[in-house]
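The entries follow the order in which I checked things.

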Amino acid sequence: MQGKIVKISGPLIVAEGMADSKIYDVVRVGREKLIGEIIELRGDRASVQVYEETAGLGPGDEVYSTDAPLSVELAPGIIGGIYDGIQRPLVRLCELSGERIGRGLNAAAVDHDKKWNFIPDAKVGDQVVAGDILGHVNENDVVEHRIMVPFGVSGELVGIESGLFTVEEPIAKIRTATGEREVCMLQKWPVRRGRPYKEKISPDQPMVTGQRVIDTLFPVARGGCAAVPGPFGSGKTVVQHQLAKWADADIIVYVGCGERGNEMTDVLNEFPELVDPKTGRPLMERTVLIANTSDMPVAAREASIYTGITIAEYFRDMGYNVAIMADSSSRWAEALREMSGRLEEMPGEEGYPAYLSSRLAEYYERAGIVKILGSEERTGSVTAISAVSPPGGDLSEPVSQATLRIVKVFWGLSASLAYKRHFPAIDWLQSYSLYADRLQPWFDENAGEEFMQNRAFAMRVLQEEASLSEIVRLVGVDALSPADRVTMETAKIIREDYLHQNAFHETDTFTSLKKQNAMLEMIHAFYTSANEAVSKGASVNATLYTPVREKIGRAKYLPENEAEEGIRAIIAEIKAETAAAAEEAE
Amino acid sequence: MQKEYKTIKEVVGPLLLVEGVEGVTYDELVEIQQSDGTVRSGKVLEIDGDKALVQLFESARGLQISTSKARFLGHSVELGVSRDMLGRVFDGMGRPKDGGAAIIPEKKMPIEGAPINPAARDYPNEFIQTGISAIDGLNTLVRGQKLPVFSMSGLPHAQFAAQIARQAKVLRSDAKFAVVFAAMGITYEEADYFVQDFRRTGAIERAVLFMNLADDPAVERISTPRMALTCAEYLAFELGMHVLVILTDITNYCEALREVSAARKEVPGRRGYPGYLYTDLAHIYERAGRIKGKEGSITQIPILTMPEDDKPHPIPDLTGYITEGQIILSRELYQKGVLPPVDVLPSLSRLKDKGVGKGKTREDHADTMNQLFAAYATGKDAKELAAILGDSALSETDKLYAKFAEAFEKEYVSQGFNTDRSVEETLDLGWKLLGMLPRSELKRIKDAYIEKYYPENAGDKEE
């Protein structure tokens, strides 16, 4: 099938003679065979968004349809990969065209020549259905890449291999209703279609991140969706990086969507060196990176988040817990707006297309914890976390609003906290997590029964501080009652010594739930004993400004294995000092 | 094969419509020749069948449709680059403006530049000393970074930028350094200030200047930063120099972009700026950086004046989302006589953590930087509180903080445009100021550094 270009406007071309093609089919454009996708069909005219620079194209240039939708390659070799928005491996592109990305480059997403050691898990004679695990490849020391029966295939396993194979060589043979079918390790899946599963279930487990403000105050569930909106400089990317590093997930898919090139390089340099505390192996060995930086073609940016979530779903189907970070969904929305403008569609709010919110919802709905396909009962999850970059930090704009309608966790970053260098700058008064109640049983069981009580205590103190500081602003701190002074100081401790967390400090960067609980206990002990002391008439200053305060402040720097003991000692000291203050008063 | 067309049908603002064309390609360079022989250039913005929409790089003034001819050159806009460009002044389209001879190009490079493969980038982590404490100490600049200056009308951003260009150096290195300066729509006086300052200090020898002044055609501004960056890429990645690119003023550039967008009747995004403003700016800013295996680097300092001192305005806003931080100048500090009037709290260098520390600046740098920020923020809050309730409402500690904030502005930030401080001087000054606070307040500094650097006689230690 062949058409001819009639119009070119930036990344959008219009070709005629395309009557036989299907919408969302991939096409090749011009002599250089640039990659594009049909996004509109009118009569025999097709509008095509081109994923590469279109300079040099002219009317009359040929357009071929490949007769297949935009798909990703799913096979061993994908872990540790770094891809552009349409899953071309960037390292390979480097070899092909040097430090700058050339045009019309063709590179397979995974190495088709490499031989992997396939270890069978199913045996001849087994009845298998789509999603069943045939065997696995140990892709590295961390990830066991499970090879599944592809979608739409079921029947009796009549042959299975063992040993070294490339991803295209058959490793199993299945007798289906329509005849025998060979299965290889490579699967292809169209990115704009969610991979099927049996059913969705409600999330009841948190994804532990080691970030105190998140785990304690605003936890995200496995299979949940969270948004991180904030103005520039408020630390969205650092939050995303921290989650990618420390989140309790088996696989991380990180999509750099229209963001800075240097940030992606940072991830590329840092992840192979950072060690996952659970496995002791480099973080890169559980990570897939999609990097479509802001200077790369805008249409590929639009595709990048779909490429990312399809890869995430693939690992979910193996029974893994996957987290996908998209930084930033606003840049994706802008790409959508740019294409919409070129198509001369009727604009909705602020020039964004009217289908913005339905597209966003579609994306987030692909996250979730599900019963995966296969004969056995197994679950897998995709947790989606997206940064949002609202202009001027103003959440009334369309992308933030559409996002907030969908996600259950909202970590609102605040510029004023960032100015004070309070990081992560998650505003505790503004943010919320709708999962907190649902996760309570899990926390009660795994983090200690007092954990949720302490959480409620911390939230209450912070709320009270907000209203008390209004009064302080009007009449000064001396006007407060001793009990209120204690509340104010406790809030200060929670803010500065608990919520504040230094991502670049070797110990502080990750805090286990156990240590979080101990730290909360310590703050709670301070609060109760200080209250007790002032109620006995102790002087506020003598009670609140004690030498142990410095130790409270440094508790977060205690290494994990010394934390509990160290904090117990601090609690004893708090009690002794406040008791001394009370005694003095008597 | 080049064809000439006499079928120019429309001129609307900076746009031309040529009909009946054949074999024209997108983004191609176009020359419009008038009957008197003068030639203007433009590029193909859109092709629809046999109609080509051309954007002029120059003003359309005096263009006669009936007698002009359009010639399509078959390649996109290019700049001839050469080592000899150093020390020269060009106009916004890369033509010599200083009366000197034309450049004999060693190479022709398309000005659009292809995106750098993120896998080929080398992470910026080498400290650049600017000699300005507010930058070196708190918002450290590194090689390959893009760090814009957000200014306002009437603030001395020109002096500030000139100071950076003059003083910037890489420590412990004998690398070749160059400055590429692109002026977009700034006044003659401002441009002249830079030229004179470069001449006075001898910096002109290692500088290339591209000048599009306020009375030059606005559409030419769209090419100016691209010309400058193409030249910088040549110097950096082919000749191995460390290039500092100063772009001023981005606001004028964006307005030119808006003009073209409006002439095309595009659906506007915010405040009439085109929806692709982010992408367009990213194509400029992302050309900063370092490349694996190449010696040189491009560090960008774009300057923009915030319309109505308004940070959420689309231009500073989108810039902030692309660049690696921002240096914000404050009118309030300027009126107080703090020079340079850098508002350190909202200023930020995202790459600072990679450029400081042992072997780069000094081991205590990261910790003291955080502590200074926190202390200054607390001090400013205390001062605000005191302004409402009087000094008596402050606790003893808060009073110390208020005093600290005052001294910090006066001694640390306000150093004038001619003082060049080494990073050690900056760090020592930081400790001298932190000495005003009791040790127990210095929560963000490791104990070992407090032991080593905290001034003995807090408050009155002489340097």
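The entries below go from ground rules to cores, cysteines, the interface, salt bridges and one tryptophan.

**Ground rules.** I am working with a predicted model, in which local features need pLDDT of at least 70 and side-chain atom pairs count only at pLDDT 80 or more, while totals for chains, interfaces and linings use all residues. Residues are numbered from 1 along each chain as its sequence is written, chains are lettered from A and ligands numbered from 1 in the order in which they are written, and side-chain values use heavy atoms, with hydrogens and water left out.

**Cores.** I looked first for nonpolar cores, meaning sets of buried Ala, Val, Leu, Ile, Met, Phe, Trp, Tyr and Cys residues joined through side-chain atoms within 4.5 Å. I take buried as under 20% relative accessible area, exposed as over 50%, and partly exposed as in between, with a 1.4 Å probe and protein chains only. The largest core has 138 residues, and those with the most contacts inside it are B:Phe160, B:Val180, B:Phe210, B:Leu235, B:Phe404 and B:Phe408. Another core, of 80 residues, lies apart from it and includes A:Ile101, A:Ala291, A:Ile493 and A:Ala530. I then listed the contacts (heavy atoms within 4.5 Å) of B:Val180; leaving out residues up to four places away in sequence, its partners include B:Val208, B:Phe210, B:Leu235 and B:Ile246. As background, nonpolar side chains tend to be buried together in soluble globular proteins.

**Cysteines.** How many disulfides does a search of the whole structure find? With a disulfide taken as a pair of cysteine sulfur atoms within 2.5 Å, the search over all chains gives 0. I checked A:Cys225, whose sulfur is 16 Å from the closest cysteine sulfur, in A:Cys257, and is therefore too far for a bond. A:Cys225 is buried, at 10% relative accessibility, whereas A:Cys94 is partly exposed, with a relative accessible area of 21%.

**Interface of chains A and B.** I found 71 residues of chain A in contact with 72 residues of chain B. The buried area, which is the accessible area (1.4 Å probe) that two parts lose on being put together, summed over both, is about 6,000 Å² here, and carbon and sulfur atoms give 52% of that. A:Arg100, A:Phe232 and A:Arg421 supply 14% of the area that chain A buries against chain B, more than any other three residues.

I next counted salt bridges, each a side-chain nitrogen of Lys or Arg within 4 Å of a carboxyl oxygen of Asp or Glu, and the rule finds 7 across this interface. In one salt bridge, A:Arg100 meets B:Glu233 at 3.7 Å, N to O.

**Salt bridges elsewhere.** Over all chains the count comes to 80 salt bridges. A:Glu95 pairs with A:Arg92, their closest N and O atoms being 3.0 Å apart. Why are A:Glu95 and A:Arg92 separated by about one helical turn? I note that they are 3 residues apart in helix H1 of chain A, helices being DSSP runs of H or I with at least four residues, and strands runs of E with at least two, numbered from the N terminus. A:Glu95 is exposed at 57%, and A:Arg92 is partly exposed at 38%.

A salt bridge also joins B:Glu4 and B:Arg71, with closest N and O atoms 3.0 Å apart. B:Glu4 lies in strand E1 and B:Arg71 in strand E7 of chain B, so the pair ties together parts that are 67 residues apart in sequence. Both are partly exposed, B:Glu4 at 40% and B:Arg71 at 22%. I also recorded a network of salt bridges linking A:Glu259, A:Arg260, A:Glu263, A:Arg331 and A:Glu334.

**One tryptophan.** Is B:Trp431 buried or exposed? I find B:Trp431 in helix H12 (residues 423-434) of chain B, and at 3% relative accessibility this residue counts as buried. Not counting residues up to four places away in sequence, B:Trp431 touches B:Arg362, B:Leu442, B:Ile445 and B:Tyr449, among others. The side chains of B:Trp431 and B:Asp364 are joined by a polar contact of 2.6 Å, a polar contact being a pair of N or O atoms within 3.5 Å where, within protein, one must be able to donate a hydrogen and the other to accept it, and residues adjacent in sequence count only if both atoms are side-chain atoms.
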